[in-house]
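Here are my notes from going through this model. Keep the structure open while you read, and look up each residue as it comes.

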Amino acid sequence: MNHSSEHQNKINTKIIESAAVRQARALALPIVALESTVITHGLPQGENLKLAKAMETTVEENGATPATIAVIDGSIRLGLSAEELDALAIHPNPRKISTRDFGISLAQGLTGGTTVAATAYIAQKSGLRVFATGGIGGVHRQAPFDVSADLSQLAKTPILVVCAGMKSILDLPATMEYLETQGVPVIGYQTDELPAFYSRQSGIRLNQRADSPQDVARIAYAHWALGFRQGIVLTVPVPEKDAITREEMESWINAALEQAHNDGVHGNAVTPFLLDKVSQLSEGRSMQSNIALLLNNAAVASQVALDLQGFMQFENGTFYYS
Ligand code: PSU
Ligand code: MN
C-alpha cells in the first residue's frame, strides 16, 4: 500500500454526534449549535473553557441541547464530550477552520475550531436550524476584499445565527450592504438598531425587528417555507451592564487596526489579532463584554429553537416543516 492510499483509508467525512445529541434527536428535543473558533482563537486559555462550558449550561437551562461543533483529529463533531471540550481548549496549535479548511483538516487528521461559516454548514447539514455565536465575520475596514466567508456561507445556508451583530472591528455598513445583496435578513432582537458587538449602538437602523422568540420563529418559518436557502441573522444587543460605549470602543479598534497594519498581519490571522489587541487595550473589559454577550446569545438561541420547533416536524433525525 502506498503512502497516499494509506492516508485515504483514514479519511472520515461523517459527522460524529455526541451521546447527548443522539439522545436529543431520539426525543425530538431542540438542539442549538455552538461555534468553536471562539474557544480556539477568540478567548485566552482558561477563559475559553469556562465560557464553552457556561454556554452549554445556558443552552440546557433554557430547555435545549447544546451541540458544540469542532473538528477533532480529523473528524467532524456535532457535540463534544467534557473530555473533548477540555482537550480542544488547551490544544497547542488548533486550526481555525472555515469552509475552505475542511478538506485539509479531514485529510490530515487536524484539530480545530470551526468559524461561523464552517459551523453553519455542519449544523445545517445535520438538520439543525439555530446556532449561537458572539459576532459574525464581515467586510474588513481598510481592506474591502477581506470579506469573511461567514457572509457568503450564510447566503446559501438556511440556518438562524444568533449573534450580537458583526464584530465591531469590521466595516458595518459595507457588511450590511453585502447581506442585503445576498438576501440575508438581519433582524434586531428587541431593537431597531444594529448592535455593534461590545456596544449596543452602531448608528445603523435595521428594517426588521422581533420582540420575542416566537416572533423570530414566525419570521424564520415564513422565510424558509417560501423556499429561500439564505440564513437569517438575529442580532441581540449585549446586556446593558456589560456594554461598552461606541466612542470608547472606536479608539481601541483604531489603535488595534494601526498595529495590525504595522505588524503586517493578514489573512485569517487578522480577526484573532484585532480581538486580542482590543482586549489588551481595554484591560479585559472587551473580553468580559464578549463573554456576557455570548451567554446571552446562547439563551436567546435556545428560546428561539424551542419556538421554531412548533413549526417543524421531526423525522429520521431531521426536522421538516410541518
Ligand atoms: N467573534 C468573536 N471571536 C471570534 C470570532 C468571532 O468574538 O473568534 C470568529 C468567528 O468564528 C468568525 C471568525 O466566524 O472569527 C471570522 O473570521 P474571519 O474574519 O477570518 O472570517
Ligand atoms: Mn478574512
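1. Let's start inside. Leaving aside its neighbours within four places in sequence, which residues is Val161 in contact with? This is a predicted model, by the way, so treat the answer as a reading of the prediction. The list runs: Val116, Ala120, Phe131, Thr133, Ile136, Leu154, Gly231, Val233 and Leu234.

2. Now put Val161 in its setting. The largest nonpolar core has 94 residues. Val161 is one of those with the most contacts inside that core, along with Val32, Phe131, Val162 and Val233. Phe131 and Val233 also turn up among the contacts of Val161 itself. If you ask which element gives the most to this core, the answer is helix 13, residues 285-309, with eleven residues.

3. At 1.5 Å a residue, its 25 residues should span 36 Å, and the end C-alpha atoms are 36 Å apart, so the two agree.

4. Step back to the whole protein. There are 13 helices and 15 strands. The C-alpha atoms fill a box of roughly 55 × 50 × 35 Å along the principal axes. A compact globule of 322 residues would have a radius of gyration near 20 Å, and the protein has 19 Å, which agrees. Buried residues make up 51% of the 322. Take the contacts between residues at least 6 apart in sequence: 75% of them join residues at least 24 apart.

5. Next, ligand 1. How many residues are around it, and which come nearest? There are 19, and Thr37, Gly42, Val116, Gly137 and Ser148 come nearest. Helix 3 (37-42), helix 8 (149-154) and helix 12 (270-281) are the elements that give two or more residues to this shell. Helix 3 gives the most, with four. By type, the shell divides into four nonpolar, twelve polar and three charged residues. Val116 links this point to the opening one, as it is also in contact with Val161.

6. Gly103 is in helix 6 (residues 102-107), Gly203 is in the loop between strand 11 (186-189) and strand 12 (209-210), and Glu61 is in helix 4 (residues 47-61). Why does Glu61 count as exposed? It has 11 C-beta neighbours inside 10 Å, and a residue is exposed if it has 12 or fewer. Gly103 counts as exposed with 11 such neighbours, and so does Gly203, with 11. For a sense of distance, the C-alpha atoms of Glu61 and Phe145 are separated by 41 Å, although the two are 84 residues apart along the chain.

7. Ala28 lies in the loop between helix 2 (19-26) and strand 2 (31-34), while Phe197 lies in the loop between strand 11 and strand 12. Is Phe197 buried or exposed? Phe197 is buried, with 30 other C-beta atoms within 10 Å, whereas Ala28, with 14 C-beta neighbours inside 10 Å, counts as partly exposed.

Terms used:
Residues numbered from 1 in each chain as written. Chains lettered and ligands numbered in written order. Predicted model: local features only at pLDDT ≥ 70, side-chain atom pairs only at ≥ 80, totals over all residues. Near = placed C-beta within 6 Å. Nonpolar A, V, L, I, M, F, W, Y, C, P; charged D, E, K, R; others polar. Core = buried A, V, L, I, M, F, W, Y, C linked by C-beta atoms within 7 Å. Buried ≥ 20, exposed ≤ 12 C-beta atoms within 10 Å, placed from the backbone. Contact = placed C-beta atoms within 7 Å. Rg over C-alpha atoms; globule rule 2.2 N^0.38 Å. Expected span 1.5 Å × (residues − 1).
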